[in-house]
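Reader: Please take me through this model and say what backs each label you use.

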Amino acid sequence: MKFHEMEIEQVEKALETDFSTGLSQEEAKRRIAEYGQNELDEGEKQSALLLFFSQFKDFMVLVLLAATLISGLLGEYIDAIAIIAIVIINGFLGFFQERRAEKSLEALKELSAPQVSVLRDGQWIKLPSKEIVSGDILKFSSGDRIGADVRIIESRSLEIEESALTGESVPVSKHIECLTNPNPGIGDMENIAFMGTMITRGSGVGVVIATGMKTAMGQIADLLQSAESQETPLQRRLEQLGKILITVALALTVLVVAVGVIQGHDLYTMFLAGVSLAVAAIPEGLPAIVTVALSLGVQKMIKKNAIVRKLPAVETLGCASVICSDKTGTMTQNKMTVTHLWSGGNTWTVDGVGYKPQGNFYRNDRTVQPKDERALQQMLIFGMLCNHSDLVMKDDDYILDGDPTEGALLVSAMKAGFARKKLLDEFTIINEFPFDSARKMMSIHVKDKQGRHFIVTKGAPDVILGISESILWDERTQYLNKETQVKVQDAINGLASQALRTIAIAFKPVSANTLILSEKEAEKKLTFIGVQGMIDPPRPEVKAAVKECKEAGIKTVMITGDHVITAKAIASQLGILTQKSKVLDGKALSDMSVEELEEIVDDVSVFARVSPEHKLKIVKALQNRGHIVAMTGDGVNDAPAIKAADIGVAMGITGTDVAKEASALVLLDDNFATIKAAIKEGRNIYENIRKFVRYLLASNVGEILVMLFAMILALPLPLVPIQILWVNLVTDGLPAMALGLDRPEENVMKRRPRSPNEGVFSRGLGWKVVSRGFLIGLVTLLAFIVVYHNDPSQLKYAQTVAFATLVMAQLIHVFDCRSEKSVLSRNPFGNPYLVWAVISSLALMIVVIYYPPLQPIFHTLPIAAKDWLLIVGLSSIPTFLLAGSFLLRKTK
């Protein structure tokens, strides 16, 4: 038998404790020695040094390090230093981005109460929460955070806010009775208080039943440790690219050495030439440019209210096919709001957003003034009087101080023009009977300025109806007969079917001479006024965001700890739940294996009453179906699934530190609609990465073919290694980064998500790289041959012309890379960053060619004006020849 099923006496016996005196200090020390302190394990920590060195495990980085070693051994020290500098800079960028990625458990620790009231040896004392053991008796009251999992043994109007664990925004009433359900969800354990949750009302006493990693919070910490971070599609594709490049580099080295030896060249010279080709085959700047492009994407994301904590997340979000979103606070406002009011056969609706005290009341689709309708006015006034909440202004926003349900009643009255301070001038509160979970109601005894006395009661509608003998109907008080009771119950059920939480308001006049000392005297023979129906409403902008995601081929799935009816209502309003989609609750989910869930998961749009383990199971099932999963959330309960998802998204305002630390993306405005903007940006960044990969690799293919064809034709090398390195790292670097800032195409959110298995060279990219690279190599070799044959003694001059032709051809070609179609299909000046990057690269080339101190280093000579005509003419051919063929195909 579990603790929630036991009677209090059974719990005391099972834990071998004494509820009247608590544990002795000696017994507590023994239990700490045996079971450990009440702390969450962090698991094995990776040192900063190991984290830094882990940045160099990437396959492309290993290739660059190998190139560094070979260059150094062959005496090419400038090459070696340049490459190692790029690798180290890239390593530092990755290190600083990931330094904070594994702090989730530290944030969990901070959620634990630092000090608690414990009964030891018959005395109440304050102790650090880490010294609590099973069997300890704890005392807690409003504002306290629970220090361990406890079975409640005393409850005085006790309510605990558990949204961090369950996702439900409404505090849960707690009692001491045993539960009959052997396997209730966390949100249904009404006699258990959980570590890390906050008391919002009342007080109580409990006995500790679990500490440390055995608590519900500890189980989440364990899930967080075991949830592995996923390798992103971008990382997989870059690894694939690295393997292709190293294969090409090795093959070229072997080919060049073999051809050279056959032609009679000495082995060392040919080996040096082969290594030069290998260096040309590897775009040394690619890892750094990818990192910089992602970092630039991060800056753009911040402007759209999204902070990226892990760089690859920028790209991964762009290929997400499913967004798993928590309901409370993410899709909804996390602000309980009255939307319907019922009294005496009439129903009113009220609009407005959040806690802003502005809105209109409607009856039969016509605007009404609440002060003109007696029943409505009375219900609103009494709901505001029988209330402890307050509304305060902070940073131009309304913040609730108090219980969310009472806050909803307060705001509905304020929308009608009532103010609590003015009401307290008209009414004096003489006595109060606080809410408790057994009575399910709260009452106050008030006196108005005329000296009239009233009892005002609010609470659960079925309970209030049961203690009422009359009702306000057609603005007259009449006897509450069975027929009328049925009508009232139908109205209550109607509101509940719309997922509205209902609170009834009732009153009775009492004699000024009557002294009411107990709840029993106050809460009987009431006049039933009506019911207010409230809900945590959807954010206004979320419906449009869900629709846009659907158009982009992205499915939105609601995952919540809330009730099925509420989840279905919100999901239907947002367009998530359709006639074909299914709803699955936590109980059904518990009975399924991951494999069974996989079979139906594509048809399910709403998961309700779920636990943290369920969320993790859902994410895994979707991933096993081949989906790239984004998981959004704000509570502790979301953290394990956030970490296990391909990309975790946390809320910046309402999100717990745990959720933020586990996430890859944090939304500053807690707005689901921001995810849509982030997806659009993510898709564009990936397309931009494809653009500069195309640009860099076409350049590298051109360099390879220049060298290879020259060797086959028994010509001198047209380019020296330092020139190749200059082109790869400097000339190509700025335009490549500028491509990373290119604006998105108009149809970017009308396409389906990319397949995670899509290769780097898909959609014709491989052909574009080879064809453009071939032409770039061909025109560079032609320029070299023309100049070299004019004067074979001027080899360095011919190499300078070849160098200039290669750079010019690439700088013209970069404009072609902006479009999948042709250089003529987009405005060449549409990306001002690219224009300035090209101008800068041209200026750097001029400096290398004409600045005397740099000429010996880069083996260059000043180029005559007549040869610039040759260079410009030849370098234009690769781009405009193919653009002309595109126009011909289009006209046909």
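Predicted model: local features only at pLDDT ≥ 70, side-chain atom pairs only at ≥ 80, totals over all residues.

Reader: Why is Cys-549 called buried?
Author: Buried means under 20% relative accessible area. Cys-549 has 0%, so Cys-549 counts as buried.

Reader: What makes Cys-178 partly exposed?
Author: The label covers values between the 20% and 50% limits. Cys-178 has a relative accessible area of 26%, and therefore counts as partly exposed.

Reader: How many disulfides are there?
Author: A disulfide needs a pair of cysteine sulfur atoms within 2.5 Å. By that rule the count is zero.

Reader: What about Asn-305?
Author: Asn-305 is not a glycine either, yet has a positive phi of about 70 degrees. Asn-305 sits in the loop between α11 (286-303) and β8. With a relative accessible area of 33%, Asn-305 therefore counts as partly exposed.

Reader: How do you know that the length of α14 agrees with its number of residues?
Author: The expected span is 1.5 Å times one less than the number of residues. For the twelve residues of α14 (residues 374-385) this gives 16 Å, and the end C-alpha atoms are 16 Å apart, so the two agree.

Reader: Why is α14 described as mostly covered?
Author: Ten of its twelve residues are buried. Among them are Leu-376, Met-379, Phe-382 and Leu-385.

Reader: What makes β16 and β17 a pair?
Author: Pairing requires at least two bridges. Strand β16 (residues 427-436) and strand β17 (residues 441-448) have seven, in the antiparallel sense.

Reader: Do β23 and β25 pair in the parallel or the antiparallel sense?
Author: In the parallel sense, over two bridges, and two is enough by the cut-off of at least two. Ile-559 stands opposite Phe-607 in β25. Helix α21 (residues 564-574) lies across β23, β24 and β25, at about 145 degrees to β25.

Reader: Which strands are the edges of the open sheet?
Author: The sheet has eight strands in the order β8-β28-β27-β26-β9-β23-β25-β24, with mixed pairing. The edges are β8 (306-308) and β24 (582-585), since each pairs on one side only. From one strand to the next the twist averages 20 degrees.

Reader: Which residues touch the most other members of the largest nonpolar core?
Author: Phe-528, Phe-692 and Phe-803, in a core of 120 residues. Helix α27 (residues 672-712) gives the largest share, 16 residues. A second, separate core of 41 residues includes Phe-382, Cys-386, Val-446 and Val-456. In soluble globular proteins, nonpolar side chains tend to be buried together.

Conventions
Residues numbered from 1 in each chain as written. Heavy atoms only, no water. Helix = DSSP H or I, 4+ residues; strand = E, 2+ residues; numbered from the N terminus. Core = buried A, V, L, I, M, F, W, Y, C linked by side-chain atoms within 4.5 Å. Buried < 20%, exposed > 50% of the residue type's maximum accessible area, 1.4 Å probe, protein only. Axes fitted to C-alpha atoms, helices over the stretch in contact; angles between N-to-C directions. Contact = heavy atoms within 4.5 Å.
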